[in-house]
Amino acid sequence: MKLPELKIGQHVAKIPIIQGGMAIRLSTARLAAAVAEAGGIGLIAASGMAFDELRHEIRLARSLTKGIIGINIMVAAREFARYVDTAIDEGIDLVVAGAGFSRDVFPMGKKSGTPIVPIVSSVKAAKISEKLGAAAIIVEGKEAGGHLGTDESLSVLLPDIKKSVAIPVIGAGGIISGRDIAEVMKLGADGVQMGTRFAASVESNAAPALKEFYLKAKPEDVVLIKSPVGLPGRAIKNPFAKKILECTVDGPDKCVACLKHCEKNFCIISALIRAQQGDVDTGLVFTGEYIHKIDEILPVKEIFTRLLREVEEIN
């Protein structure tokens with residue numbers, strides 16, 4: 001099987017793989033640039049960053065590659081519009097918006113000529129996105145890591161959504177191997193988004209202790225927790241996740257009002273930062289459903305080489 005190119009707006013990726021935007025600070029310039037350099041689309045996760053930090057990361061990524069660089073930002077973030085404005089001002093190639101749905105982002109993209117790519121989990125949201133001017137959509141199934149908008153599998157969602165729109169459709173959730181990519185493309189996808197596989201890469205900004213924690217994960221360790229964002233989140237069970245599940249976790253000591261709406265059962269920003277820095281006991285470790293299939297931390301270039309080899313071996 002040979003993979004096609006992926007066209008989003010005016011940008012054409014030689015390999016139809018988008019690296020998922022993983023916050024906080026897992027997907028920074030180094031990872032995004034490595035993916036873009038390999039022929040895919042690299043995303044910087046803007047959520048939780050300071051605005052100057054986001055500008056720095058975009059500029060750094062630009063210095064490392066001439067490939068396609070985008071941002072991923074949570075619609076749930078209080079400063080969502082300012083993050084998008086900042087990235088557009090820096091000449092970002094595209095904006096991926098998840099953890100909620102925003103109609104306001106489409107005029108911002110239209111004004112600057114920046115492709116807007118929402119993450120959706122229903123035919124209704126896909127059709128609305130296309131009508132509002134989305135350049136493409138990412139369809140995310142229940143197998144994904146982080147915040148989830150559905151309890152339906154990608155294999156169930158994607159074919160109906162693909163039939164409902166004319167813009168490119170990218171499949172996401174549970175994609176780890178070349179075989180997974182081939183299966184999603186056979187469902188009708190124009191490309192795939194992969195998060196967890198790149199979280200466990202050399203260029204990922206996760207601390208070494210977090211990367212080692214990924215490799216130890218077993219299928220029974222993956223759980224759904226209730227996020228302050230108001231959505232379920234897929235994570236690896238550790239002492240902190242256990243407290244969330246048992247409703248014994250402490251609420252935030254100090255709130256900076258980073259979300260539009262927060263259930264305040266715990267501070268998600270602080271919890272994700274702790275994990276990124278290597279605290280796998282009191283941090284929140286988001287992951288996709290099939291983390292247990294990853295048994296090596298590899299450079300992005302090698303991940304692409306193996307994925308493409310696996311795809312080519314499939315008839």
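1. The lining of the largest cavity comprises 7 nonpolar residues, 2 polar residues and no charged residue. In this count, Ala, Val, Leu, Ile, Met, Phe, Trp, Tyr, Cys and Pro are nonpolar, Asp, Glu, Lys and Arg are charged, and the others, Gly among them, are polar. The lining residues are Val75, Ala97, Gly100, Phe101, Ser102, Val105, Phe106, Ile116 and Pro118.

2. The model is a predicted one, in which local features need pLDDT of at least 70 and side-chain atom pairs count only at pLDDT 80 or more, whereas totals for chains, interfaces and linings use all residues. Residues are numbered from 1 along each chain as its sequence is written, and side-chain values use heavy atoms, with hydrogens and water left out.

3. A cavity is a set of points on a 1 Å grid over the protein atoms alone where a 1.4 Å probe fits but cannot get out; lining residues have an atom within 4 Å of a point. Helix 4 and strand 7 each contribute at least two residues to the lining. Helices (H or I, at least four residues) and strands (E, at least two) are DSSP runs, numbered from the N terminus.

4. In helix 4 (residues 105-112), Val105, Phe106, Met108 and Gly109 are the buried residues. They lie on the same side of helix 4 because they cover an arc of only 160 degrees around the axis, the arc being that of the directions from the helix axis to the C-beta atoms. Buried means under 20% relative accessible area, exposed over 50% and partly exposed in between (1.4 Å probe, protein chains only). Exposed Pro107, Lys110 and Lys111 are on the face turned away from the buried side.

5. The buried residues of helix 4 pack against helix 3 (80-89), strand 7 (116-120) and helix 5 (123-132), where contact means heavy atoms within 4.5 Å. Just after helix 4, Gly113 has a positive phi of about 75 degrees.

6. The whole structure contains 4 aromatic pairs. Rings of Phe, Tyr and Trp (its six-membered ring) pair if their centres lie within 6.5 Å; planes under 30 degrees apart are stacked, over 60 edge-to-face and the rest tilted. Phe51 and Tyr83 form a tilted pair, 4.7 Å centre to centre with 40 degrees between the planes. Both Phe51 and Tyr83 are buried.

Definitions and conventions
On a 1 Å grid over the protein atoms alone, a cavity is a set of points where a 1.4 Å probe fits but cannot get out, and a pocket is an open set with protein on both sides within 12 Å along at least five of seven lines; lining residues have an atom within 4 Å of a point.
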